[in-house]
Amino acid sequence: MFITFPALICVVDFVVSRFKWTKNGQDFDPFLDPRLLTQEDSGTFVIPNNGNLTEFQGVYRCYAANKLGTAMSEKIEFIVPNVPKFPKEKIEPIEVEEGQPVILECNPPKGIPPLQIYWMTIGLQHIEQDERVSVGLNGNLYFSNAVQTDSRRDYCCFAAFPRIRTIVQKTAMSVIVSSTNSILERKPSLLLPSGDRTNKHLVKGEELLLECIGEGFPTPQMEWVKLGQKLPERAVVENHGKLLTIENVNEEDEGKYMCKAINAHGEAVHYFHVTVEEPPEWEVEPKSQLNMIGANVVIECSASGRPTPTVGWRVNGRPLSGTTVYISHSPTACYHIYIYIAIYFRSNICNMLPVMSKVDSASAVEGPRFSVYKNGSLEIHSVEREDEGEYSCFTENTEGKSAISAVLEVKAPTRIVDPPQDLRILVGTTAQFSCQAELDPSFSEDYEIIWEKDGVALNDSESTGFRDQGVYVCVARSPVDEDSALALLTVLDVPDAPEDVVLAERRDRTVKLKWIPGDDHNSTTTEFIVEFEESQWKPGSWRELMRVPGNHHSALLKLHGHVDYSFRVSGVNEVGRGRSSGASERYRTPASAPDKNPENIKIEGHLPHEMDINWEPLPPMEHNGPGLEYKVSYRRQGSEEDWQEHMVKRHSFVVKNTPTFVPYEVKIQARNHAGWAPEPKTVVAYSGEDFPSAAPDDVEVEVMNNSVVKVSWSRVHKDKLHGHLGGYRVILHPHVLLLPPIYRTTTLHSTSGRGRFPIMPLGLVHASSSPWSRQSRVSESVLLCSADLASIHGGISNQGWFIGLMCAVALLTLIVLIACFVNRNKGGKYSGDLPLFYSISDNDEKPLKGSQPSLTGDMKDRDSGDSMVDYGDEDVHFNEDGSFIGEYGGRKERVSTEIKATNQSTA
């Protein structure tokens, strides 16, 4: 790794024909970049510091090649560090009650390791650490419980980076510890780490660091144990018992560790599952060989590690392909070991097999694994299956020869292949561990698996209780060996009920409630629920007041006035809600003015000259005292008149004698014997509505076809609506169509083709009577005419030419009738009955339908005069034959008689 001197050096001790570099796995040629300084016949290049060093950050590798092969360097990472800085921020003061835990976060910036954290004051005085105060590995400052002397405004976190000789300071933090009459003692909990277990993976030779920081009052003591075993002798406990360290860890350090925070009120535990892995090591290293051209070459290579590594091959820096490699005892694992070998000869690589010694009873025992001692004893190191057989020991002296034989049986080791897993179960349920082992087939009828807890063998367990939690050991035992595995059983339950619920810092409308949490039963309490009960409105009924986080053991309660309170607390964890504590002592708050005014004010007008005001009354708990009543204030909007005010105890009020549909400003204010509520908000609403006083104007009808009529009209002026327009009603006898107020046109469909279509507006009134206005005769007449016209159309009646023809025929017929009437009036003989003419005439003198005709002589004179003027001639003499006068006189008489008769019958 290069930090200060940006030069990448590549030097070899043999003749090289070509150098090559890669950057981040891609080919990189430093000779093509003019910003880099290169050397002839060398792979080294220098990166000048011209302000662009960050462009060259990456992972580099150098290759040196000649005609015999290629050599490859290790990976080189080039890093350009930045100067670490804390962000500029404004940190609010941390206020905490005496006895509660405090955490000051450092959050140091990233930089080149190692990192060193210091907590000091502005005056560079170190913050003293002890069992109560400590700095965690993450750099945070922890207080197990705060005391008055912890109050200060200059807590500073300093982060030091020795390799770049830099120290940076975070913005000073302020802690304010408020005093209390009595500090509630409580059982411990862990500030660090979170949860109930942590998995740690280390490589053999690294340093193991396990940290636990507890809080509680009194300050808890920390203890460390290794489950099922003693702590290693190399284990060191530091930082006042909060940090366990083991240097150069190995396989023996693997296992389960537990930290425990203990005080007089209980304990809190955390489990660490430590796994130690071993980096690969060579058992048989590959060696360079010199062979003849065409000879087969076997290169032996094997490695060990934990987990067992795999072995890969490269030829001249390139992965070996197309060759099958067999290596015993090398299952796939997560580590990859690359062997880089430069071969300076041509060779064929055959299958690689390990070199082994076969022990034969007929041959001498030889090999590095066999040791024969002077007393004749034979020791076999790392016994293998092939070592199985009969061994003979020969001895002789001058007296003769002697031999003895022994049979060696090599059995497979007993191993647990499926160890039991840690369990977290609810109390009262069944716990079931599984454990499977492999052993030599010859022991299939002679082995056992037993379970132990605290060194005592167990029987099958049914329902579990808290006494059952702990460490369980599975032991697989054969006649020659055994193997064991551990599992942790954690029993969960809802939190126990809090204890010692007391009231402190009593004020008129607030009180501080304190409690000691109950046992969380291995599941961290996430929150506490505070409930209250009052003795006046709903005695005996508990209602939720507030919730507080699980790490808080007190709460400031805001109360209503004139209420007799009692409180209780319950805890909640991942299992559920626990039992509630006992009730606290009662506390009665003094009366006070209402905190707020009524809400949901509704103003309606059921009658034209009234305004009904309704509102949602305050709940009894919010009265805050006796004598609650409401002040209703109203006035017309936009006027300068004074507010009209009325005091009522109910939650409604009716204002009478109001103008129709006029906006009013209304406000409702609550009051009790202790005073007035805050100034209320003003609500604007309208007084009562009335019927619309006009129908729509400009009604137009368009005949679409023989069954569809389009009707349109103009809006009714708002001054004549007397309310909110609710819509229009269009009548097609016997049907009624209601339209929204936005409509001013509609299309009507009729199966008969005839109908009457009056249009009238609908007003939004709340009276029970019909809200419709009177019909317009003009509208009705126009629509009736249009509907009648549509009714005579059929078949081709909707064609224009046909309509024009019918209109022409009607016009000609009318002209002929008029001509006939004029001709007869000029003296011609009457061919019809005169009364028939009277019955169909429509002159101005015709009496209205339903009226009675006059019986006076005026009528006779008018009729007589008409006869002489209209039908007489000055050259005509009546004594000529008397026929005309007699006939007319007879008709005149009959008419008079009929009129009289009609008049009499009518009377």
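Q: What counts as a helix or a strand here?
A: Both are DSSP runs numbered from the N terminus: helices are H or I with at least four residues, strands are E with at least two. This is a predicted model, where local features need pLDDT of at least 70 and side-chain atom pairs pLDDT 80 or more, while totals for chains, interfaces and linings use all residues. Residues are numbered from 1 along each chain as its sequence is written, and side-chain values use heavy atoms, without hydrogens and water.

Q: OK, how many helices and strands does the protein have?
A: It has 5 helices and 63 strands.

Q: And what does UniProt place at residues 801-822?
A: The record, an unreviewed entry, gives "transmembrane region" there. UniProt positions follow the numbering used here, feature names are shortened, and annotations may be inferred rather than shown by experiment. In the model, residues 801-822 are 100% helix and 0% strand, with the end C-alpha atoms 32 Å apart.

Q: Where does Trp 801 lie?
A: Trp 801 is in helix H2, which covers residues 800-825.

Q: Is Trp 801 buried or exposed?
A: Trp 801 counts as exposed because its relative accessibility is 55%. The cut-offs are under 20% for buried and over 50% for exposed, with partly exposed in between (1.4 Å probe, protein chains only).

Q: Which residues make the nonpolar surface patch?
A: Trp 801, Leu 805, Met 806 and Val 809 make it, and it comes to about 400 Å².

Q: Let's zoom out. What share of the residues is buried?
A: Of the 907 residues, 36% count as buried.

Q: Which residues are linked in a network of salt bridges?
A: Asp 196, Arg 197, Lys 256, Asp 422, Arg 424 and Glu 574 are. A salt bridge here is a side-chain nitrogen of Lys or Arg within 4 Å of a carboxyl oxygen of Asp or Glu.

Q: How many salt bridges are there in the whole structure?
A: The search finds 38. In one of them, the side chains of Asp 496 and Arg 579 meet with 3.0 Å from N to O. Asp 496 lies in the loop between strands S42 and S43 and Arg 579 in the loop between S48 and S49, so the pair ties together parts 83 residues apart in sequence.

Q: What does Glu 629 form a salt bridge with?
A: Its partner is Arg 671, and the closest N and O atoms are 2.0 Å apart. Glu 629 sits in strand S52 and Arg 671 in strand S55, so this bridge connects parts 42 residues apart in sequence. Glu 629 is buried because its relative accessibility is 15%, while Arg 671, at 25%, is partly exposed.

Q: New topic: where is Glu 97 placed?
A: Glu 97 belongs to strand S9, residues 94-97. It's buried, with a relative accessible area of 9%.

Q: What joins the side chains of Glu 97 and Lys 514?
A: A polar contact of 2.9 Å does. That term means a pair of N or O atoms within 3.5 Å; within protein, one must be able to donate a hydrogen and the other to accept it, and residues adjacent in sequence count only if both atoms are side-chain atoms.

Q: Last one: which residues does Ser 382 touch?
A: Leaving out residues up to four places away in sequence, Ser 382 touches Arg 369 and Asp 387, where contact means heavy atoms within 4.5 Å. Ser 382 is in the loop between strands S33 and S34, and it's exposed, at 60% relative accessible area. The C-alpha atoms of Ser 382 and Arg 369 are 7.1 Å apart, though 13 residues separate them along the chain.

Key
Patch = residues over 30% accessible without salt bridge, like charges linked within 9 Å, V, L, I, M, F, W, Y side chains within 5 Å. Areas by Shrake-Rupley, 256 points an atom, 1.4 Å probe, with all protein chains shown as cover.
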